[in-house]
Amino acid sequence: MPILERGTVLPKVPVPLLKQTLDTYLKCVQHLAKEEQFKKTRAIVEKFGAPGGVGETLQKNLLERRDKMANWVYDYWLEDMYLNNRLALPVNSSPAMVFPKQMFKDHKDALRFAARLISGVLEYKALIDTRSLPVDFTRGQLAVMPMCMEQYYRLFTSYRYPGLKTDTLKVQMKAASSALEHMIVACKNQFFVLDVVANSKQLSEEEILSQLEKIVKMSENAEEKLPPFGILTSDGRTEWAQAREALIKDQINRDSLALIESCICVVCLDEPSGLQPSDTNRALLMLHGGGHEKNGANRWYDKSMQFVVGMDGICGVVCEHSPFEGIVLVQCCEYIMKYIMESPSKMVKSSSYRELPPPRRLRWKCNPHIQGLLAASAERLQRLVNNLDMNVFKFKDYGKEFIKQQKMSPDAFIQVALQLAFFKCTGRLVSTYESASIRRFQEGRVDNIRSATAEALAFVKSMADERGAFSDSEKMKRLGDAIKAQTSYTIAAITGMAIDNHLLGLLRIAKELNMEKPEIFCDETYLASNHFILSTSQVPTTVEMFCCYGPVVPNGYGACYNPQSDHIIFCISSFWDNTETSSVVFVKALNEGLLEIRDLCNRSNATASKLAVSSQGVAKEAVQM
């Protein structure tokens, strides 16, 4: 049970009332479903929630599960969100954090940056291992509360093993965490063991640099070059699980895998990509490495943290998402970037320079079958690379300061703007996912804020109306209603009262009881409501960097945003092979929508000021009469 420094034990995630969840579910889907279909859905939901019905039985079992466990939804959610998903990790699941472009003078300068980064990682890991990280507290609408810190303890101790049907997330126990003493360095698609401790003493930055230089030299030895085994981890999870089965038949491969699976993190020393270092290209290269012809095989995607240092200054982090959320990734990255920037260099020529054993190259045994698997994985990664349509858009006309001046929540405002952009593109709204942290509870991860509200639909319809049927005051009222609806759903979600985790729990309990799948979960409306065409999240940073990820469905958009005081960074992704989506079209609509909402607010403010001035004038006249 997570105990915080004050001795506070966090509460357990609640189980909402069944009626409350079913009512909210109907409210969430009514305006998104066709009328006939919704009538059918309402009848199914009413039957499910009826006294003595299936819903009550499942709810009773779910409440019993809550009593017995620290967090009743954690395992269900982890399997449903990540481990059961068979898609490849790059683009589909693993987000990336893109660092500012670094201006390296030469290779040595890039390795110096990598050495400093590694030192920063070790310093941050020491804070985690000694439980010295300050506890995070909730911010925003509700009372300040401590948050669960468990996700931090998984940053460097987790590994996702591929499985034929479902993956396994393994986390080294707390005591073993401080015993982790090596990193894996990927260079030219070869893998090396970098021991960060020698004779019980951590390597200095100068020693790390020296070892990295040796690794680069070793990677250039053509006679020793081995096939690019990292490419296998970029494949679909079932394909990688099958390939891994083939690999572990040989002891040499088993030994190499064991070293990778027990490392602190992976550091990828990338070759120059040959691409313009625009925000969009840097985002693409972080997400998938540019495919097997560039740096796509210079990765090991199962490991939770991969730090990328490109010789051309393109740097960042790719993370395997199942152990932790974006905010934890941000905190870690910001700490490391500040460490790099604030300590120009700790390259002190040590008088007691140690002769260290050279880094070890990981060996692999290959055969024609494995060679075929490598080629197939490379081809599938290339298809994914060619299909990702990414557009990183820096909206510069205003940022969260302007939004706050309107007395509106920046997150709710941006979510409504995303709905307006989607409506401009398609003339409809769709099921939308926005992650909401539930870390105020024991082992809390996330639930979903369903941003495509009826109030958002009413607002976007008024904005898109070309007949001029809506006055500014009506549009402002609708904007206010949409923001209010978004804010109240957000509060429900972060306090454990949203519907997605609850419905998932009821579905899983039915499966555990070997019941026939309840009709509510087979209904067309339910299936559509869980097909998130718009997948969004706010990942704010205080250091210059941004987060990006791919869409979660073939006909969808990924929309990650980072609101700053005077600008907002949006990373919009979609797939080229889907004719319904286009990132550039979405960005154009988003830009237009943000400007239209600003103009609406400014006109309304001006009108309000005029009215205030004229009413003051009238009041003065009345006094003088």
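Helices (H or I, at least four residues) and strands (E, at least two) are DSSP runs, numbered from the N terminus. The model is predicted: local features need pLDDT of at least 70, side-chain atom pairs count only at pLDDT 80 or more, and totals for chains, interfaces and linings use all residues. Residues are numbered from 1 along each chain as its sequence is written, and side-chain values use heavy atoms, with hydrogens and water left out.

Begin with helix α7, residues 205-219, which lies across β4, β5, β8 and β11 and runs at about 160° to β5 (axes are lines fitted to C-alpha atoms, for helices over the stretch in contact, meaning heavy atoms within 4.5 Å; angles run from 0 to 180 degrees between N-to-C directions).

Next, select the open sheet of eight strands, ordered β11-β5-β4-β8-β9-β10-β1-β16 with mixed pairing; two strands pair if DSSP finds at least two bridges between them. Its edge strands are β11 (360-361) and β16 (546-548).

Then turn to the aromatic rings, which pair if the centres of Phe, Tyr or Trp (its six-membered ring) lie within 6.5 Å; planes under 30 degrees apart count as stacked, over 60 as edge-to-face and the rest as tilted. The structure holds 20 aromatic pairs. Select F393 and F395: their ring centres are 6.1 Å apart and their planes at 65°, so the pair is edge-to-face. Y433 and F532 also form an edge-to-face pair, at 5.4 Å centre to centre and 70° between the planes. Y433 lies in strand β13 and F532 in the loop between α18 and β15, so this pair ties together parts 99 residues apart in sequence.
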